[in-house]
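Could you walk me through the side-chain contacts in this structure? I would like to know how the rings and the charges pair up.

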Amino acid sequence: MTATRIDILLCTFRRPEVARTLASLGALTIPEGVAVRVIVSDNDDTPSAEARVTEAAATLSFPLLYLHAPARNISIARNACLDAATAAWVAFLDDDEFADPAWLTELYARAAQTGADGLFGPALAEYGSDAPTWMRGRDYHSNIPERRGDRVETGHTCNAFLRWAGTPWQYERFALDRGRSGGEDTEFFFRLGRLGAQFEICDTAIVTEPVAESRLSFRWLRDRKFRMGQSYAAAATTPAARLTLGLSALAKAGICGLAVLAYLPLQARRNFWALRGALHVGVCAGCLSLRQAEHYG
């Protein structure tokens, strides 16, 4: 019996944590009848991660392919992984995340159960003791896949599983013009959905991510929410759809602004509504095709 092949795709950029990420992959429970390969794409100007990745690869029980894909544009790195992928399925995670031992098994089983072409799992934040109470209480840094109505419209490469070889989207790639601003994965999966890909959620396929100190601020979260809103605007592909989505987001942003004023003395509630408002303002900016700030590289 021929094994089902899965390529695990991992992009890295100057993060020593990638060694721990690879160690977590080495501890995976591999589903019966599955053959795994890891593809690591280094997006630095020089192949700075090669030695670290090569050392970690020596401890794995499955093959690893290292690629140097410069420079400072995450879409270039993601596309290099896709160019090299030849498996029936590809799985994505980030270079500062750690996969639960059952991560791949859960994704594979859920795909068989649902018949979905793509699945998204939760990326759970791990807060240190210095995280503000209001931030920890709302768990703002976790990335939890969501439905809109009865559909899963899009997702993120921090935890994803996608049918690949022989599909109508095998030659689709991440947009280079989003590779320095972010949101390239949101737009990519929206595009695959328009090509017929059916998505589902796998709550039990868990990866975790320690939250860096540099991200423990209201300002960082505000900018992230705004950027997420800009990315979500990729759902609207016609002028009429952008107008409808933009007006809806503008109204929601106004409601959020009023809520901020109402809860001004209460930090947790004020911040919740302010961040929600930043998301909707970002949607408005995306519908207007305003330039996105560069955050990568």
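This is a predicted model: local features need pLDDT of at least 70, side-chain atom pairs count only at pLDDT 80 or more; totals for chains, interfaces and linings use all residues.

Residues are numbered from 1 along each chain as its sequence is written, and side-chain values use heavy atoms, with hydrogens and water left out.

**Aromatic rings**

A pair of aromatic rings is described by the distance of the centres and the angle of the planes. Here, rings of Phe, Tyr and Trp (its six-membered ring) pair if their centres lie within 6.5 Å; planes under 30 degrees apart count as stacked, over 60 as edge-to-face and the rest as tilted. The count by this rule is 12 aromatic pairs. One of them is the stacked pair of W89 and F161, at 4.6 Å centre to centre with 5° between the planes. This pair links distant parts of the chain, with W89 in strand β4 (residues 89–93) and F161 in strand β8 (residues 159–163), 72 residues apart. Helices (H or I, at least four residues) and strands (E, at least two) are DSSP runs, numbered from the N terminus. Both W89 and F161 are buried, a word that means under 20% relative accessible area, while exposed means over 50% and partly exposed in between (1.4 Å probe, protein chains only).

F189 and F199 make an edge-to-face pair, because their ring centres are 5.9 Å apart and their planes stand at 90°. F189 lies in helix α6 (residues 184–194) and F199 in strand β9 (residues 199–201). Both F189 and F199 are buried. Ring pairs also join them with F92, F120, F174 and F188 into a cluster.

R138 sits over F272, 4.2 Å from the ring centre, and R148 sits over Y232, 4.5 Å from the ring centre.

**Salt bridges**

Side chains of opposite charge can pair when their charged atoms come close. With a salt bridge taken as a side-chain nitrogen of Lys or Arg within 4 Å of a carboxyl oxygen of Asp or Glu, the count is 17 salt bridges.

| Pair | Closest N and O atoms |
|---|---|
| R14 and D44 | 3.0 Å |
| R110 and E200 | 3.4 Å |
| E187 and R191 | 2.8 Å |

E187 and R191 are 4 residues apart in helix α6, which means that about one helical turn separates them. Both E187 and R191 are buried. Elsewhere, salt bridges that share partners join R14, D44, D45 and R72 into one network. R14 is partly exposed at 46% relative accessible area, whereas D44 is buried at 5%. In the R110 pair, R110 is partly exposed at 23%, and E200 is buried at 18%.

Strands pair if DSSP finds at least two bridges between them. An open sheet of 3 strands has the order β5-β10-β7, with mixed pairing. Its edge strands are β5 (98–99) and β7 (123–126), each pairing on one side only. β5 and strand β10 (residues 207–210) run antiparallel and are joined by 2 bridges. F98 has T208 in β10 as its bridge partner.

**One more residue**

F13 lies in the loop between β1 (4–12) and α1 (18–26). F13 is buried, with 15% relative accessible area.

How values were computed:
A charge sits over a ring if NZ of Lys or CZ of Arg is within 6 Å of the ring centre and within 35 degrees of the ring normal.
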